[in-house]
Amino acid sequence: MKIPRIPYLLLSALLAQFLVPSAPAALLLQGAGATFPAPLYLRWIAEYTKTHPGVQINYQGIGSGAGIKQFTQNLVAFGASDAAMTDKEIAAVKRGVVLIPATAGSIVLAYNLPGVEDLKLSREAYVGIFLGKITKWNDPAITKTNEGVNLPNIGITACERSDGSGTNFVFTKHLSAISPDFDHQVGYGTSVTWPTGVAGKGNDGVTALIKQTPGSIGYVEYGYAVHNKLPFASLQNRAGEFVKATTASGAATLATTQFPPGLLRAWPSDPDGKDAYPISTFTWLLLYKKYDDPAVRDGVKDFVNFGLTDGQKFAEELGYIPLPKEIVDKCIEALKSVE
Amino acid sequence: MKKTRRRLDLFHVLTWVASAATVFILLWILESIFTPALPMIQRSGLGFFTSIAWNVNRDVYGALPFVIGTAMTSLIALILALPLGVFIALFLSENFLPFWIRQVIRFVVELLAAIPSVVYGLWGIAVVIPIVQQFGGVLANSLGFLPLFQGPAFGNSTLTASLVLALMVLPTITAISRTTLANLPLTLREGSYAIGATRWETIFRVLLPSAAPGIVAATILAFGRAMGETMAVAMLIGNSPRLSWSLLSPGGTLAGLLANQFGEASGLQISALMYAALALVLLTLIVNMIGEAVLRHVEKSTAGIR
């Protein structure tokens, strides 16, 4: 009987797979979630796997919401979210959740005004811009805090996020905290309906919008503004001071955070303190309280421990705020509760 | 009548399975969109498409701004692409220029269809947005009394998206129109010249009216393509959930809405987005079916005359 050639070759190729000795299995840890801390987590992974070659960690920046969804569906070993998890979301995870603040960052208002290097925005000003009440750059609300700066008579284009995001959540939470008007008209959430302006997808989308639109102002993560050399404004904080986002001003905000007992989740939406930058926030790693696979559990715990200790020294150069020592201690305590 | 023996061999089975699989996949897609959309359908019914507010954090969903945005961008893209496409098609089907030049132009126009959507978006950001930013102000000042050109001109606006979309549907219109015009029987042209018509008269009084059904089919298919276009439009239109009749303001389309919000959606928002997706799918399906039907009819009716 003549054997048909093509099916024979295909079958042989298939069977040959079983004859080839496979490479030793490395421990694969899959993580997914927020895009904001992604550069830092990827750096942690690179550094950690240098000293731990038997572990392979894969992190995908798919967004906080998608990260929570995958975490809830047990598709990943750990998740990441800028908006932590709501009580309802935590209840949906049967294995229990441990929230660990991994790092923190500031959200800045980057703008595109050729010739204007220093911009001071009062609370009234920046809330008004995003409510659509202040429409021109030479509006008195802006000029009165910027003496000597030549503000042109051009329209303000507010640049926002079109997709749901933790950045959106934090920024709108802050605006809602400082302005009852904003809270009533827009509210806060990962996705809101802005009364004015254009929207782009992701921090990079908003950055692109700001870059291509003269007279625009938008909210992006500090790292994106610095990396793309966008000037950003000094904002007036609760104490009345105009503060620019730096590691120090961000750390001052974080230091004021009070966590509720048993849960490391809080948003310093309107921090006290002269030096506090008003829009800084943590970003969380989501771990299960109970892991089925001890190898995965130990791998995740060890990696997160690395991030909380050695990993913090990479934070500043990448545009994040290193966690204050007291908070790191609380995180390590929480990490111990993962079984 | 002689009964032919039907052999049920491997070939017949495979082809049957392949064809059935295609139909099955289409139905499966429709079902997987329809089922999650049910909560929203039950809640709002058709009011979903007449309500303006899309407020995720308040759980209020109304898709009218996006429906209008989709309609506006597609229609304007067609208005711009149709004359351009038909004239190119005429040019390619007449013999003003040597054959090889026509072939090159035909090839280039078809290449436009091969450019990925996201590349059109990037090109739009680099080239079209600065142009619209510059001349938008002029347009707003001169024609600002019309609601269509009102208000501050944005670079990321419905106009920008429509311009790039016009380029994207141009190959569709051109290719089908050219084919229709070229397939018109030579006797039609010869007859027209024989009774003393000039070339222009032949083109506008004889050829175009005869090719009209084919051009209509081309337009409908291009409309279907324009409605579904996601990436390029989302990068250029400004993604605004607010209803605006002005071309110079940012807008939003159904496809862009889905691309932007689906990743982070949860709860009722998913249902609302699925409902919007269902509407978009059904709309493009119907438009494409009509387009195909008209095209089929045209091919049949001109096949006889040679």
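Here are a few worked exercises on a predicted two-chain model.

Residues count from 1 along each chain as written, with chains lettered from A and ligands numbered from 1 in the order they are written. Local features need pLDDT of at least 70, side-chain atom pairs count only at pLDDT 80 or more, totals for chains, interfaces and linings use all residues, and side-chain values use heavy atoms, leaving out hydrogens and water.

**Exercise 1. Describe how strand 11 of chain A is covered and which strands it pairs with.**

Step 1: burial. Take buried as under 20% relative accessible area, exposed as over 50% and partly exposed as in between (1.4 Å probe, protein chains only). By that rule, nine of the nine residues in strand 11 (residues 280-288) of chain A are buried.

Step 2: directions. In a regular strand, side chains alternate between the two faces of the sheet. Here A:Ser280, A:Phe282, A:Trp284, A:Leu286 and A:Tyr288 point one way, while A:Thr281, A:Thr283, A:Leu285 and A:Leu287 point the other, and all are buried.

Step 3: partners. Strand 3 (residues 78-81) of chain A joins strand 11 of chain A antiparallel over three bridges, with A:Ala80 bridged to A:Leu285. Strand 4 (residues 97-111) of chain A is antiparallel to strand 11 of chain A too, over nine bridges, and A:Ala104 faces A:Phe282.

**Exercise 2. Characterise the interface of chain A and chain B.**

Step 1: extent. Counting contact as heavy atoms within 4.5 Å, 33 residues of chain A touch 25 of chain B. The buried area (accessible area, 1.4 Å probe, that two parts lose on being put together, summed over both) is about 2,000 Å², with 40% from carbon and sulfur atoms. A:Ser191, A:Thr193 and A:Gln212 supply 26% of what chain A buries against chain B, more than any other three residues.

Step 2: With a salt bridge being a side-chain nitrogen of Lys or Arg within 4 Å of a carboxyl oxygen of Asp or Glu, the count between the chains is zero.

Step 3: contributing elements. Helix 3 (64-72), helix 8 (180-185), strand 7 (198-200) and helix 9 (202-212) of chain A each give two or more residues to the side touching chain B; helix 3 of chain A gives the most, four residues.

**Exercise 3. Place B:Ser157 in its chain: is it buried or exposed?**

Step 1: the chain. Chain B has 10 helices and zero strands, and 43% of its 306 residues count as buried.

Step 2: the residue. B:Ser157 lies in the loop between helix 4 (117-143) and helix 5 (158-182) of chain B. B:Ser157 is buried, with a relative accessible area of 0%.

Step 3: the surroundings. Leaving out residues up to four places away in sequence, B:Ser157 touches B:Val132, B:Leu236, B:Ile237, B:Leu247, B:Leu248, B:Ser249 and B:Pro250.

Conventions
Pairing = 2+ DSSP bridges.
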